[in-house]
Amino acid sequence: MSEVIAIGRCIGCDRSARLDAGVCLDCLGRRGRKWAEMAHRCRVDPEFSAAVYFRIKGDHGRRLFRLMFGAPHVR
């Protein structure tokens, strides 16, 4: 693992933490950098967020998505 180089908000979980290229060590260890980048894109790109949300099959998964990212904006 590379050296921690910054303190700020994680692009994955959106919590304040020590970061390794924008991702906190907890997200890196549990989910990985690709997941953190996808989570960030869900927060900033409404079309991507809606596409991900509607690909989730179960109610439990959709509920977890809404807790983490909010309800997707549908046009």
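**Salt bridges, sheet and nonpolar cores**

Arg 30 is exposed, its relative accessible area being 63%. The structure described here is a predicted model, and all values given below are computed from that model.

Arg 30 takes part in a salt bridge with Asp 26, in which the closest N and O atoms lie 3.0 Å apart. Both residues belong to helix H1 (residues 25-30), and because they are four residues apart in this helix, about one helical turn separates Asp 26 from Arg 30. Asp 26 itself counts as partly exposed, with a relative accessibility of 31%, whereas Arg 30, at 63%, is classed as exposed.

Another is formed between Arg 41 and Asp 45, with a separation of 3.6 Å between the closest N and O atoms. In this pair Arg 41 has a relative accessible area of 43% and is partly exposed, and Asp 45, at 24% relative accessibility, likewise falls into the partly exposed class.

With regard to the strands, three of them form an open sheet in the order E1-E2-E3, with antiparallel pairing. Strand E1 (6-9) and strand E3 (23-24) are the edge strands, each of which pairs on one side only. Strand E2 (residues 16-20) runs antiparallel to E1, and the two are joined by four bridges; within this pairing, Ala 6 has Leu 19 of E2 as its bridge partner.

Leu 19 is also a member of the largest nonpolar core, which comprises eight residues in all, the others being Cys 10, Cys 13, Val 23, Cys 24, Cys 27, Leu 28 and Ala 36. Two or more residues of this core are contributed by each of the elements E3 and H1. When neighbours within four places in sequence are left aside, Ala 36 is found in contact with Ile 11, Gly 12 and Val 23, and of these contact partners Val 23 is itself listed in the core.

How values were computed: Residues are numbered from 1 along each chain as its sequence is written. This is a predicted model: local features need pLDDT of at least 70, side-chain atom pairs count only at pLDDT 80 or more; totals for chains, interfaces and linings use all residues. Side-chain values use heavy atoms; hydrogens and water are left out. A salt bridge is a side-chain nitrogen of Lys or Arg within 4 Å of a carboxyl oxygen of Asp or Glu. Buried means under 20% relative accessible area, exposed over 50%, partly exposed in between (1.4 Å probe, protein chains only). Two strands pair if DSSP finds at least two bridges between them. A nonpolar core is a set of buried Ala, Val, Leu, Ile, Met, Phe, Trp, Tyr and Cys residues joined through side-chain atoms within 4.5 Å. Contact means heavy atoms within 4.5 Å.
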